[in-house]
Amino acid sequence: MAELASLVQRLEVAVGRLENMSGSGGSGGDCAGGALSVFVEAFDVIVSGPVAQYISLSQKIGGDVQKHADMMKQAFNSQRQLLVTATSSQKPSDAVLTTLLQPVSKAIQQVQAFREQNRTSPLFNHLSAVSESVPALGWVAMAPKPCPYVKEMQDAAMFYTNRVLKDFKEKDKIHLDWVKAYVSIWTELQNYVKQHHTTGLTWSKTGPIASASAAAPKPPAGGCPLPPPPGPPPPSMDLSGSSGGGDDNRNALFASINKGSDITSGLKHVSDDLKTHKNPTLRTTTAPIRTGPKPFASPTPRPAASATVTPKLPPVFELDGKKWKVENQEDAQSLVIEKTELKQVVYAYKCNKSCLQVKNKINSIIIDNCKKMGLVFDDVVGIVEIINCRDIKIQVMGKVPTISINKTDGCHVYLSKDSVSCEIVSAKSSEMNILVPDKDGEFTELPVPEQFKTVWDGNKLVTTSTEIAG
């Protein structure tokens, strides 16, 4: 009996598939002719595999990471809907295609905005890894080379995923699994795009041309009311009444032209007493004098509309758990953190023309989006990071193993005798100088190379700094 029941179940599944394939499109709207496209099924494998694993691990971590994962799930759902549209429709015009891409674009913007709104999150590295790489879902608009674009976005997240691995290497294995699952999403997506959409999003060669309504939400079950009927046509113009008068005027004009030289016989003679150039008294009259056109003059400038002033956020200088927050400081030259512990970190954000001094040992220091800021510290056991800054000066009084400079223009680092062996890691930065002390305490300024040369030596790529880069 068990074998018979299993056979009946298999027959029912097979019959269901045949009915779907022979149907007229189905009610779900997920396929052309009822059969799910091969590349939609392949995309579903990614969603049910690494994406589902990433969402599951994000739920275990909880907090902002879980909220971010819910947004990513919506982003993948929006992309799947676009793929379904492509299976049953031909490629539309660029204007319609832009409309179809809007749901995916809005989902990407939502993910990135969430990271910006939660910069003080303890899981900021997780949010940054997702935010930096989620534009990879825009591969649908990156013809003819969508696969390299996905790879480029995956590499953009590597900096933050490495930080997550470093921070939780010996603390919580779930975060390590989270990184592995998240990175595998983009690895699998690269393989998927390379196999099914090598030169761009694949559209159906048959069926109707895709319309913008495919991206719009479905109307309610009751349907929308019918539009009102068009109004009556405008009344036709009756030109017969004016034709007679027009003909009379035209005939009179031609008759006067045919007079020849006698056409001026009807003009009135102007005597000398009525000529202004011969009668000066006429020039003093108050009658309005018609003048010629005025030379061009620039229009009177109107007062510009007042620009929207971004409200200044209140300055923050406090210890929140294990994190020292130094935010929105303006012209603050006496910021000092004295009572520090080895497990504490310092996070400075959007400070301008300020100076921060950190005494004793601390775990790490991050300077983010600051301008014209000075940093003086004793000892750091982890790393000092400078991100998205401009014109920063750092002085090391004790020891520090690593200084990282990313997306920064203008950075001077004054090393102490005990920190000359530290590592300087830089990326997408310029105007970097390292000042090394000599035996007499005098500093020697050395520029960090900004331009590099890469050659193939037969086995691998060899990169060296160029001479003009110092």
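The model is predicted: local features require pLDDT of at least 70, side-chain atom pairs count only at pLDDT 80 or more, and totals for chains, interfaces and linings use all residues. Residues are numbered from 1 along each chain as its sequence is written, and side-chain values use heavy atoms, with hydrogens and water left out.

**Helices H2 and H3**

Select residues 38-61, helix H2, and residues 63-88, helix H3. Helices (H or I, at least four residues) and strands (E, at least two) are DSSP runs, numbered from the N terminus. The axes of H2 and H3 come within 9 Å and cross at roughly 170°; axes are lines fitted to C-alpha atoms, for helices over the stretch in contact, and angles run from 0 to 180 degrees between N-to-C directions. H2 is therefore roughly antiparallel to H3, a term for angles over 145 degrees.

Next, select Thr 87, which lies in H3. Thr 87 is buried, with a relative accessible area of 12%. Buried means under 20% relative accessible area, exposed over 50%, and partly exposed in between (1.4 Å probe, protein chains only). The Thr 87 side chain reaches the backbone oxygen of Val 84 at 2.5 Å.

**Helix H7**

Move to residues 173-196, helix H7. At 1.5 Å a residue, its 24 residues should span 34 Å, and the end C-alpha atoms are 35 Å apart, which agrees. The expected span is 1.5 Å times one less than the number of residues.

Select the buried residues of H7, among them Trp 178, Tyr 182, Ile 185, Trp 186 and Leu 189. What covers the buried residues of H7 includes H2, H3, helix H5 (124-133) and helix H6 (146-167). At the N-terminal end of H7, select Asp 172, which caps the helix: a side-chain oxygen lies 3.1 Å from the backbone nitrogen of Ile 174.

Most residues other than glycine have a negative phi, and most peptide bonds are trans. In the loop between H5 and H6, select Pro 144; a cis peptide bond joins Ala 143 and Pro 144, with omega about 5°.

Select Lys 350, in the loop between strand S4 (345-349) and strand S5 (355-362). Lys 350 has a positive phi of about 55° although it is not a glycine, and Lys 350 is partly exposed, at 41% relative accessible area.

Finally, select Lys 428, in the loop between strand S12 (423-427) and strand S13 (430-437). Phi of Lys 428 is near 55°, a positive value, and Lys 428 counts as exposed at 71% relative accessibility.

Technical notes
Angles under 35 degrees count as roughly parallel, over 145 as roughly antiparallel, 65 to 115 as roughly perpendicular and the rest as oblique. Contact means heavy atoms within 4.5 Å. A polar contact is a pair of N or O atoms within 3.5 Å; within protein, one must be able to donate a hydrogen and the other to accept it, and residues adjacent in sequence count only if both atoms are side-chain atoms.
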